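Student: Hey, can we walk through this model together? I'd like to start with how its inside is packed.

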Amino acid sequence: MMNTVAILMCAGSGNRMRGKVSDKILAELRGRPIFEFSLLAFEKMEKITSYVVVDRDASQRSRLQESFDSITKKPVQWIRGGSRRQESVFNALEQVPADTDLVMIHDCARPLVRTELLNEVHTAAAKDKSAVLAHRVVDTIKQMVGNTNLRQANLHNLDRKNLWAMETPQAFSWKLILGAYRKLSEESIQITDDTAAVIQFNYPVTLVENHFPNPKITLPEDLALVELILQQQDQKGTI
């Protein structure tokens, strides 16, 4: 069995929640904190050997730890989040156990991730060393060329059939992703997701297509959206 560590990202600032909730990871959905949905999905897949949790502060960690103690008996390491997500992930990668084979990095603000898809991402990463849950872009996307003036902007057409939106989890050989993050640090390169770390150094990524909603809770309205999706899944019997 491969040693697989789930790195659960819980330290986001939540600034775009406009004060509606103090901590979106701890905000309740159906009577449980949002991050528990992700933890339960990972527990069900039975391939996780330990967790690394990136927390926001001591108060949040205390609340998170209560849930972990009640849900899992697997080892849990706690890492304080940095000023940026990239710093937080790098710190977590440096702290995973030395015998780790794979890491699965997941943003717990995506509570609808499904266990069967976690297994698919894990299988792909075990085979190809780099895999991500993603969905096809359905909107028409334009690229702004030159300056950022919105009036009479110069737009460039992008071929939608070649565009994919990245989700989480994103899974990698631990040695591969740690090496990529170390190079990013040495060269002062900034990225916005983990696939960008390996892509920066020309390593391919396997896409695992997600046909189910897996939105990230970013705005207050997203809480209502996730609740609506859960209601629809209940009616269809797909949850």
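Tutor: Buried means under 20% relative accessible area, with exposed over 50% and partly exposed in between (1.4 Å probe, protein chains only). This is a predicted model, where local features need pLDDT of at least 70 and side-chain atom pairs count only at pLDDT 80 or more, while totals for chains, interfaces and linings use all residues. Residues are numbered from 1 along each chain as its sequence is written, and side-chain values use heavy atoms, leaving out hydrogens and water.

Student: OK, which residues have the most contacts inside the largest nonpolar core?

Tutor: Leu 8, Phe 35, Phe 42, Tyr 51, Phe 68 and Met 104, in a core of 29 residues. Elements giving two or more residues to this core include strand E1 (4-9), helix H1 (34-45) and strand E7 (130-136). Helices (H or I, at least four residues) and strands (E, at least two) are DSSP runs, numbered from the N terminus.

Student: What does Phe 42 touch?

Tutor: Leaving aside residues up to four places away in sequence, Phe 42 touches Ala 6, Leu 8, Ile 48, Tyr 51, Met 104, His 106, Leu 118 and Pro 169. Contact means heavy atoms within 4.5 Å. Apart from that core lies another, of 24 residues, with Val 52 and Ile 79 among them.

Student: Switching to E7: which strands does E7 pair with?

Tutor: E7 runs antiparallel to strand E10 (residues 164-173), joined by 6 bridges, and pairs in the parallel sense with strand E11 (residues 206-209) over 4 bridges. Pairing here needs at least two DSSP bridges between two strands. Ser 130 stands opposite Phe 172 in E10, and Val 132 has Leu 207 in E11 as its bridge partner.

Student: How many residues of E7 are buried?

Tutor: 5 of the 7, so E7 is largely enclosed by the rest of the structure.

Student: And how many disulfides?

Tutor: The structure holds 0, a disulfide being a pair of cysteine sulfur atoms within 2.5 Å. For Cys 10, the nearest cysteine sulfur is that of Cys 108, 3.9 Å away.

Student: Is Cys 10 buried or exposed? What about Cys 108?

Tutor: Cys 10 is buried, at a relative accessible area of 1%. Cys 108 is buried too, at 0%.

Student: Last one: what does the C-alpha trace span along its principal axes?

Tutor: About 55 × 40 × 35 Å. Of the 239 residues, 44% count as buried.

Note on methods:
Core = buried A, V, L, I, M, F, W, Y, C linked by side-chain atoms within 4.5 Å.
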